[in-house]
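Please look at the sequence and the structure below before reading on. The text then goes through them step by step.

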Amino acid sequence: MSGAPLVLDAAGLDAFAAARPPDVIRALLAEAHRRGREVITPTLVCAEVARGAARTRALEATVARHDRRRGEQPSLRLIDTDFTLARQVGAILHTTRSGSDRIVDAHVVAVCIPPGGGLVVTSDPDDITALAAAAPAARIRVIHPG
């Protein structure tokens, strides 16, 4: 994969998992596929989305359907929190003087750092932008899922 990934926060993942994703999500996914860019989300975001039986089933179906081992494009890569990512999340929270209530959004920003940035699909552009200030080397853009 090349280029900055498409990064889904809870709103982006919810939209991606919808029976009929919004046009903006479908367009972003098509563009990511065309450009060979990854679609990623921290696994912690799944905890925000997997609330209630219907949302959990939709999420499970989406993750299974977009398992990159099956070769389906665009695949969805889940990013687990290892110690390196946890330290980066902590640094983002510390630098921005944020509390643990922003830990999921900090994960979204942190997964943008290794590839040098990302296009974050979020319903919280102000939160992501504020946290992204702690990662000036990563070019992070935000877009609302529509």
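The model is a predicted one. Side chains of opposite charge can pair when their charged atoms come close. How many salt bridges does a search of the whole structure find? The search gives 6, and three of them are described here one by one.

Begin in helix H2, which covers residues 23–35. Here the side chain of Arg26 forms a salt bridge with the side chain of Asp23, with 2.4 Å from N to O. Arg26 and Asp23 lie 3 residues apart in this helix, so about one helical turn separates them. Asp23 has a relative accessibility of 53% and counts as exposed, because exposed means over 50%. Arg26, with a relative accessible area of 34%, is partly exposed.

Helix H2 also holds Glu31 and Arg34. Their side chains meet in a salt bridge, at 2.7 Å from N to O. Glu31 and Arg34 are again 3 residues apart, which means about one helical turn lies between them. Glu31 is partly exposed at 29% relative accessibility, while Arg34 is exposed at 60%.

The next salt bridge joins the side chains of Asp127 and Arg102, with 3.5 Å from N to O. This pair links distant parts of the chain, since its members are 25 residues apart. Asp127 belongs to helix H7 (residues 125–132), and Arg102 sits in the loop between helix H5 (83–95) and helix H6 (103–110). Is Arg102 buried or exposed? Arg102 has 18% relative accessibility and counts as buried, because the cut-off for buried is under 20%. Asp127, at 29%, is partly exposed.

Two packed helices are described by the angle between their axes and the distance between the axes. The axes of H6 and H7 come within 9 Å and cross at roughly 60 degrees. H6 is therefore oblique to H7. The crossing of H6 past H7 is right-handed.

Which residues make this contact? From H6 they are Asp105, Ala106, Val108 and Val109; from H7 they are Asp127, Ile128, Leu131 and Ala132. By type, the residues of the contact of H6 with H7 comprise 6 nonpolar, 2 charged and no polar ones.

Key: Residues numbered from 1 in each chain as written. Predicted model: local features only at pLDDT ≥ 70, side-chain atom pairs only at ≥ 80, totals over all residues. Heavy atoms only, no water. Salt bridge = Lys/Arg side-chain N within 4 Å of Asp/Glu carboxyl O. Helix = DSSP H or I, 4+ residues; strand = E, 2+ residues; numbered from the N terminus. Buried < 20%, exposed > 50% of the residue type's maximum accessible area, 1.4 Å probe, protein only. Axes fitted to C-alpha atoms, helices over the stretch in contact; angles between N-to-C directions. Parallel < 35°, antiparallel > 145°, perpendicular 65-115°, else oblique. Left-handed = near helix turned anticlockwise from the far one by under 90°. Contact = heavy atoms within 4.5 Å. Nonpolar A, V, L, I, M, F, W, Y, C, P; charged D, E, K, R; others polar.
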